[in-house]
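Hi everyone, thanks for making time this morning.

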Amino acid sequence: MKLKKTLVLFGCAILTLSAMNLTVISNAAEKDAFVKEYLVQTESDQLYETISLEYEDTLNAPPKEAPLKLEEEHILLMDLTPEQAYALNQEDGVTAEPNVILNAAEFTEVQPAIEDVKSLAEQQWNLSAVQAESVDESAATKKINIAILDSGVDLLGDVEFDYQTSLIPEENTDDQTGHGTMITNLIAQNQNGFCETGIIPDSSPIGLYNVRILDENNQTPLSRVIEGIQWCIDHHIDVINMSFGTEEYSEILHNVISKAQDAGILMVASAGNSGSNLVEYPAGYSEVIGVGSVNENLTYSTFSNSGSAIELVAPGENIPVTSYWGLQGAGSGTSYAAAHVTAIAALLWSENPQRNAAEIRTLLNKSALDLGEDSSYGNGMVNYQYASTHTELADPESIVDEDWDRMADPQTYEVPDSLKASWHYNMHAALIPSSVSGLTAHEVDVVKAASRYSDQSETLQNYDVLHARDYTNYVSAAKCMYEAALAWNTNKNYDDIYAKADSYYSSDESAAVRATNISNLKTAMKHAVYYNFQNKAESGSAVSANRGRLQLLGLAIHIGGDTYAHKSMCDGSPSGEFEIRNIYNNSSKVQDATANGEDSIDDLIRDIKSAKGVTTAGMGNAKYFSNVGICNEYYTDSINYMAKRYSVATKVATNKLLNYYSNKTYFRPYAFCPYEISTTANFRNNYSYKTRHLIKFLNDAGFSINSYLNGKNSYQTSDWYALSFDN
């Protein structure tokens, strides 16, 4: 059994003022210099004051006006060029880091049929799996305080808090996204209609603290995370739940995490949902319990990040959740897995008041159910009942009873079919956040409805060019539709948008096929500016110019999403092969649907590993599956197969197009770049799969990768080729 090691930090000598030799670069940055916000941390008051004076013009906020918690940690918020940040980093006792954005680790939320939600809530398979469906309410005796660092909580909810605060300037603690409310309702029992979802009983002495740090987009800057953790230290919090993360390592964040551990705080965080082999931070720090997700078959969720920093796993897929306004649904994500561990850790600590945070962590790890390899499952799945009755395991010198088989028995919990998330129209709408900069809530709803329309319309669902099917050029199609959105105005001139469709080109198609696709694009554009997509009857007069623009944008986003559904190259790595076989082995439907039993799966994997490769849409071939519909359900159109496809579609194809639209900028090829290559050294590890003919289709759409190379946007030619599969 693997236990995560804890780092010991040694004290650093404080530099004296006379030892400093700061190199100050002119604050008068050139007009085209790349300036962004940095966190600058010093080891002493003297350094803090000196940098404040020397770099006064770059301070985002004067020291006296900066957030108090940052000042306590000798942290300044500064707008710097990379050269200025580099110069500061060269000084002894100074650390300068970009104030990166962290994102909530929610993967999907769906609203299936109410009967299915009720069935799922009544069954509560997730609580049965961790053996926390019946908690002894009298066992908990010590006041343990949990801080939920998240997006706030619905003010109309029925969970009682000991204290609530918002660290977002001029905003209250009310949840704008539902994420924090769902996390809270998994941690603490609540009664919203028929759906009781939480673990900790109402009568428990455990205290809840709502600390809002995530904004209306489920995002937070690194500086606010640091503020939140320091707030928890100052207010004597015992357990912190952090269902958010970033791929970027931060020494400054690590410093405050270490300080929290020294204060006796137990920290729990979600591993991330990109399906990569890099556990996001803060879960990646050794002081934090990094939590991955398992599904109802007690196998790892394909969207769940893996790696050596995974310490525990918990249910995080198809989980019954209650959002704001008491809305019930089902959600997936390592956010939810972390909430299970947080609740169980607090319960165990309350039941064992003589224990400290380190001993409770040991108890969680030694009592966990072993599910398999460490990189995916860590020490195993958290298990409340066994931990509660074997508290001797909290002793560092204790050993696990080798006579007791801690391997989990193979078991499967029933989950309604409607909760099996697939890349259908609802998931296209789920790609779009509930709050978008520059758009009203109503306008966001229009875009969501439009993103569904391509799959709902009997006419448009058959147009290959709208769904990245066959040899259609997904880059050119998305570009045409997006630029039509910019071109449509109050004059309502159809020729303006049809001209965009005429620019569509794919070198893989014959002239006749290309002409058909151009005609289909024009038909879709006419639908977008004539019909109200929220009116399923498709009747009435032409819609307003603004609605037309938004509906064209929604169709463009749909094309971008379908690109990752259909044109991603299947993963031929050992983990990718395991994923394909795991789905096959755990589904009788898939087994029955293959053309020639397991031999068909062998053929599929062999072809995936070949020089030609196989796209996710190409899996639906009669030589692999006699029932292509089942292949689509469990592989091609399942957002749980190669789950990073869905994550990337959200981060790139959707968010970039929304950002472009809000800023009224023309289409750029970054909408099909799985990540901003220049911002992470882990690009090839996290997004190592390729997209069919990306470079060819970029060229066909009028883009040259030579315009996006090092010197202008910090890209290399090899970066683009790492994304494109051209055999």
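Predicted model: local features only at pLDDT ≥ 70, side-chain atom pairs only at ≥ 80, totals over all residues.

Let's begin at Leu298, which counts as buried because its relative accessibility is 6%, under the 20% cut-off. What is phi doing there? For Leu298 it is positive, at about 60 degrees, although this residue is not a glycine. You'll find Leu298 in the loop between β13 and β14, the latter spanning 310–315.

If you step back to the loop between β12 (266–270) and β13 (288–294), you come to Pro282.

Now for another residue with a positive phi: Asp470, which is not a glycine either, has a value near 50 degrees. Is Asp470 buried or exposed? With a relative accessible area of 55%, Asp470 is exposed. Its place is the loop between α14 and α15, where α15 covers 474–487.

Asp470 also takes us to the second largest pocket. That pocket has a volume of about 860 Å³. Its lining comprises 35 residues, and those closest to the centre are Asp470, His566, Thr615, Ala617 and Gly618. Which helices supply at least two lining residues each? They are α14 (441–456), α18 (545–566) and α22 (628–636). The top contributor is α18, with three residues. Sorted by class, the lining holds 15 polar, twelve charged and eight nonpolar residues.

Let me zoom out to the whole chain. We have 26 helices and 18 strands here. Of the 727 residues, 59% are buried. The accessible surface is about 28300 Å², and carbon and sulfur atoms account for 46% of that. Looking at contacts between residues at least 6 apart in sequence, 75% connect residues at least 24 apart.

Finally, a word on confidence. Mean pLDDT for the chain is 84, and 84% of the residues reach 70 or more. Another is residues 1–33, where pLDDT stays under 50 and the model has 69 contacts beyond four places in sequence.

That's my tour, and I'm happy to go back to any view you'd like.

Conventions: Residues numbered from 1 in each chain as written. Heavy atoms only, no water. Helix = DSSP H or I, 4+ residues; strand = E, 2+ residues; numbered from the N terminus. Buried < 20%, exposed > 50% of the residue type's maximum accessible area, 1.4 Å probe, protein only. Contact = heavy atoms within 4.5 Å. Areas by Shrake-Rupley, 256 points an atom, 1.4 Å probe, with all protein chains shown as cover. 1 Å grid on protein atoms, 1.4 Å probe; cavity = no way out; pocket = protein on both sides within 12 Å on 5 of 7 lines; lining within 4 Å. Points joined across faces, edges and corners; volume = space filled by probe spheres on them. Nonpolar A, V, L, I, M, F, W, Y, C, P; charged D, E, K, R; others polar. pLDDT = per-residue confidence, 0-100.
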